[in-house]
Structures are given as structure tokens and as C-alpha cells.
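I opened my notebook with a plain wish: to look around one protein and jot down what turned up.

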Amino acid sequence: MDAIIKFDLVLRNDSMRCDSCDVCGAGFWEVGVIAKSPDNVFVCGKCLKHPDEIDARLEQHAADIEQRATELMQSAQKIRTLIGRIQTLPSFKEWRAAENDCKTLEQYCEIYWDGVRAEECDGEGPAWGNGPEVVAVTVAGDEIDVPAYFADPHRF
Ligand SMILES: [Zn+2]
């Protein structure tokens with residue numbers, strides 16, 4: 001077994017912003033102080049709160065990474081099965097023409113983002129009005145209100 005690692009509490013600097021807790025995987029973007037070893041092993045405050053769970057958290061974190069690695073390998077294999085099979089695509093010219101003629105999509109984006117901004121500002125944004133128009137649609141037997149652009153079959 002390797003030597004026990006010692007930690008100091010340090011201020012998180014900008015270069016650590018994209019690092020994460022080696023014990024649990026949590027990010028540091030909202031944290032001011034973290035525990036750091038001389039060889040850059042990081043531990044977050046949540047893990048310091050539960051010192052009796054460190055080894056279990058390490059095992060869970062390692063298992064999570066292995067799971068992601070497995071999923072990435074499956075994605076790579078799936079992508080590789082496409083080699084030699086993508087033969088009949090629309091032309092770039094066709095795509096460009098469709099891209100230039102997709103006012104509905106532009107309108108959709110405009111309305112959508114205006115709606116999001118209006119929601120974030122409680123409808124008080126300067127030119128954002130009160131968000132998008134809402135219509136009722138039936139989904140799986142239930143009637144729900146959705147923004148009108150979701151109900152527009154031509155939005156794409
Ligand atoms: Zn942690």
C-alpha cells in the first residue's frame with residue numbers, strides 16, 4: 001500500500017476551476033476552499049463532511065468512470081459500424097438551400113429564447129413581453145399547456 005496522502009486546505013485558484021474532487025467527482029466552480037495534496041489530489045467540502053465515507057465514495061467514483069468508459073467504448077463501436085455505410089446523403093447544395101430557407105426554425109429559436117429570457121426575468125425583460133403564446137395539446141391522454149411553437153408541426 002502506498003504512503004498515506006496528506007492534505008492542506010487551499011484557496012481554489014482559476015487553474016483549478018475545471019478540476020473536480022478526486023473522491024466524489026464534484027466540480028469546484030462554486031467552491032472557494034478545497035483540500036489539496038502535494039501531488040494534486042483534490043477533496044471537496046462535501047467529502048470532508050463525511051470522512052467515514054471516503055473509501056466508499058472513491059469506489060463509487062471509480063465505478064462511475066468505468067461505466068462512462070464502457071458507454072464511450074460502445075459509442076465508438078457504434079460509430080465504427082457506420083464506416084462505409086453512409087453513401088446516399090443530401091448534397092451540400094441541398095442542405096445550404098434548406099438552411100437558407102428555414103425561417104420557421106429561425107422564428108422558433110427567436111421565440112424560444114425570448115421565452116426563456118422572459119421566464120428568467122419574470123416576464124420583465126425590456127422587449128421580451130410575457131413569453132410565448134401557450135396552447136393546450138393532448139399528450140398520452142393528458143391535456144397540457146405548451147408553448148405554441150412546440151405544437152407547430154412546421155417548426156422544423
Ligand atoms: Zn467530493
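Before looking anything up, I noted that two residues are in contact if their C-beta atoms, placed from the backbone, lie within 7 Å. I also noted that this is a predicted model, where local features need pLDDT of at least 70, side-chain atom pairs count only at pLDDT 80 or more, and totals for chains, interfaces and linings use all residues. Residues are numbered from 1 along each chain as its sequence is written.

**Entry: the overall layout**

I looked up the secondary structure and found five helices and five strands. Helices (H or I, at least four residues) and strands (E, at least two) are DSSP runs, numbered from the N terminus. Along the sequence I read the pattern β-β-β-α-α-α-α-β-β-α.

I then checked burial: a residue is buried if 20 or more other C-beta atoms lie within 10 Å of its own, exposed if 12 or fewer, and partly exposed in between, with C-beta atoms placed from the backbone. Of the 156 residues in the protein, 8% are buried.

**Entry: the sheet**

I found an open sheet of three strands, in the order E1-E2-E3, with antiparallel pairing. Strand E1 (8-11) and strand E3 (42-43) stand at the edges with a single partner strand each, so one side of each has no neighbour in the sheet. Two strands pair if DSSP finds at least two bridges between them; E1 and strand E2 (residues 33-36) have four. I looked up Val10 too, and its bridge partner in E2 is Ile34.

Where does Val23 sit? I found Val23 in the loop between E1 and E2. Val23 counts as buried because it has 23 C-beta neighbours inside 10 Å. Leaving aside neighbours within four places in sequence, Val23 contacts Val43, Cys47, Ile54, Arg57, Leu58 and His61. The C-alpha atoms of Val23 and Ile54 are 6.7 Å apart, though 31 residues separate the two along the chain.

Val23 is also one of the eight residues of the largest nonpolar core, with Ile34, Phe42 and Cys44 among the others. Such a core is a set of buried Ala, Val, Leu, Ile, Met, Phe, Trp, Tyr and Cys residues joined through C-beta atoms within 7 Å. E2 and E3 are the elements that give two or more residues to this core.

**Entry: helix H2**

Of its 27 residues, the number buried is one, so H2 lies largely in the open.
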